[in-house]
Amino acid sequence: MTYSKILGLTAMSAMALMALVSVNTASATTLEVGGTTKNESVSIAISLKSETSGNLKTTAGAIQNTCTESTGEGSTNSPFTGEVVAGGNSSSGLNNCTRAVTVHNPGKVEVEWRSETTDGTVISKEAEVTTGSILGTLKCTTGKGTDVGLLTGVSEGDATMHINAIVDCGFVLPSAILSATYTVTSPEGLGVSS
């Protein structure tokens, strides 16, 4: 066998081994409540963290709208363990804002476990809101999937959801920054595990 054939077979073997290792080390995501993994639907409620506000601003930092009251509710859907855990938002509200906000579609949410933690990346899909701004009326969406932030899990007490995302608000403001901090009011002890 020639040297080039041996080298080629060695490279192919190494790639096959790497693919096998990748498959065996892929991590699944499962929600946990109070440190116990849940293979069932989990109902989640969030509320804007006390004494904070949610802001929509330009990438240059000009605030377009601020809300001091915001809530959301939803439940996870089967499968309850997978690459992500997904669910729909049954309600979402933004109140006490400097400019009017209308939620047209609260969208869907996915959570993906962050290795070595009880945290998860939060992804929003298909959410649509119309908001007033100093630039006029904006229709903001999360499209087919936008990484909106981090769920910081806990085994006791209230988890926290930190939103820091770039969302599409149309032609006038194609890249707007959405930021807010939410307290997970239910269930207590919400976390994410592998």
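A: A polar contact here is a pair of N or O atoms within 3.5 Å; within protein, one must be able to donate a hydrogen and the other to accept it. The model is predicted. The side chain of Thr 118 reaches the backbone oxygen of Gly 153 at 3.3 Å.

Now place the residue. Thr 118 lies in the loop that links β9 (108–113) to β10 (120–125). Its relative accessible area is 33%. Thr 118 is therefore partly exposed, as the value falls between 20% and 50%.

Next, its neighbours. Beyond four places in sequence, Thr 118 contacts Glu 32, Gly 153, Val 154, Gly 191 and Val 192. Take Val 154: 36 residues separate it from Thr 118 along the chain, yet their C-alpha atoms are 6.8 Å apart.

Now a strand residue. Asn 55 sits in β4 (residues 54–58). At 17% relative accessible area, Asn 55 is buried, because the limit is under 20%. Its side chain makes a polar contact with the side chain of Thr 66, at 2.8 Å. Setting aside residues up to four places away, Asn 55 also touches others, including Ile 63, Asn 65, Ile 177, Leu 178 and Ser 179.

Last, strand pairing. β3 (residues 43–48) runs antiparallel to β5 (residues 63–76), joined by five bridges. There, Ile 44 stands opposite Gly 74. β3 also runs antiparallel to β15 (residues 173–186), through four bridges. Ala 45 has Ser 186 as its bridge partner in β15.

Definitions and conventions
Residues numbered from 1 in each chain as written. Predicted model: local features only at pLDDT ≥ 70, side-chain atom pairs only at ≥ 80, totals over all residues. Heavy atoms only, no water. Helix = DSSP H or I, 4+ residues; strand = E, 2+ residues; numbered from the N terminus. Buried < 20%, exposed > 50% of the residue type's maximum accessible area, 1.4 Å probe, protein only. Contact = heavy atoms within 4.5 Å. Pairing = 2+ DSSP bridges.
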